[in-house]
Amino acid sequence: MKKNFNAIIVDDERLVREELISMLKEFDNIKILGEAEDVKTAKSLVDKLNPDLIFLDIQMPGESGFTLIEQLNPAVKIIFVTAYDEYAVRAFEVNALDYLMKPVSMERLKKSVDRLTKEIDETEIKSKPLNYDDTLFILLNSQMKFIKISDILYIESSGDYTEVNLKNNNKGLSSKPMREWEMR
C-alpha cells in the first residue's frame with residue numbers, strides 16, 4: 001500500500017508552481033495542500049497545514065530554500081526543484097530526498113515520487129556509521145542546525161535527551177537518545 005503525502009510547493013515563479021501542480025495530479029498519493037512564492041509565506045503554510053512533503057525552490061527573492069529548511073521539523077521530506085545544479089551537494093547534506101532540475105520532466109518526477117514512496121529500513125539508516133568529515137542536520141535547542149562531526153567535543157546523557165558539546169564552548173540539547181549516538 002502506498003503512503004499518502006500532503007505537500008506544498010514553494011517557488012517564486014507562478015508558472016513553475018502551476019506546471020508542477022498539474023504534473024502531480026498524476027500521482028494519487030500526493031495531495032497538494034497549498035503553494036507559496038517565498039520563504040515567509042511557506043513557513044506560515046507549514047505552520048498552518050503541517051505538510052509531510054515540500055517541493056522547494058532554492059533561489060527566491062529575499063531568502064533561499066535553505067533558510068526555510070532550518071525552520072522545519074526534520075520529519076518533513078524535501079524535494080528540491082531548481083534551475084541551478086550548483087546547490088546539489090548542499091541539498092543532499094540536508095537530507096533532501098531528491099533534486100530536480102527545471103524544467104522538470106514527467107519521467108524524472110515519477111522517479112522522484114517512486115523514491116519517496118519506497119519504504120526505508122529504519123535499522124539500515126541508524127546503523128550507518130558517521131565519519132569525522134560528515135555534517136549532521138539536527139534539531140538542537142529547538143532549531144535545525146548544521147553540525148560538523150569534527151566540531152563535536154563530546155556528547156553526554158541528559159535524561160531522555162543528550163547534550164552535544166561543541167568547540168568554542170557552544171552546546172545544545174538534542175532529542176536523540178545516547179543509544180542512537182552510540183550506534184552511529
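**Close-up views of a predicted model**

View 1. On the face of H2 turned away from its buried side sit the exposed residues Lys40, Asp47 and Lys48. The structure shown is a predicted model.

**View 2. The buried side of helix H2.** Val39, Ala42, Leu45 and Val46 of H2 are buried. Why do they lie on the same side of H2? They cover an arc of only 120 degrees around the axis, and therefore share one side of H2.

View 3. Which residue caps the N-terminal end of H2? Asp38 does: one of its side-chain oxygens lies 3.3 Å from the backbone nitrogen of Lys40. Just after H2, Asn50 has a positive phi of about 50 degrees.

**View 4. The open sheet.** Five strands form an open sheet. Their order is E2-E1-E3-E4-E5, and the pairing is parallel. Strand E2 (30-36) and strand E5 (98-101) are the edge strands, each pairing on one side only. Neighbouring strands of this sheet are turned by 20 degrees against each other on average, direction ignored.

**View 5. Strands E3 and E4, with the helices that pack on the sheet.** Strand E3 (residues 53-56) pairs with strand E4 (residues 77-82) in the parallel sense, over 4 bridges. Within this pairing, Leu56 has Phe80 in E4 as its bridge partner. Helix H1 (residues 14-24) packs on the sheet. H1 touches strand E1 (5-10), E2, E3 and E4. The direction of H1 makes about 170 degrees with that of E2. Helix H2 (residues 39-49) also packs on the sheet, touching E1, E2 and E3. For H2, the angle with the direction of E2 is about 140 degrees.

View 6. How many bridges join E1 and E2? The two strands pair in the parallel sense over 6 bridges. Ala7 stands opposite Ile32 in E2. From E1 the chain passes through H1 to reach E2. This β-α-β crossover is right-handed.

Definitions and conventions:
Residues are numbered from 1 along each chain as its sequence is written. This is a predicted model: local features need pLDDT of at least 70, side-chain atom pairs count only at pLDDT 80 or more; totals for chains, interfaces and linings use all residues. Side-chain values use heavy atoms; hydrogens and water are left out. Two strands pair if DSSP finds at least two bridges between them. Axes are lines fitted to C-alpha atoms, for helices over the stretch in contact, and angles run from 0 to 180 degrees between N-to-C directions. Contact means heavy atoms within 4.5 Å. A crossover is right-handed if, with the strands pointing away from the viewer, the path from the first strand over the helix to the second runs clockwise. Buried means under 20% relative accessible area, exposed over 50%, partly exposed in between (1.4 Å probe, protein chains only). The arc is that of the directions from the helix axis to the C-beta atoms. A polar contact is a pair of N or O atoms within 3.5 Å; within protein, one must be able to donate a hydrogen and the other to accept it, and residues adjacent in sequence count only if both atoms are side-chain atoms.
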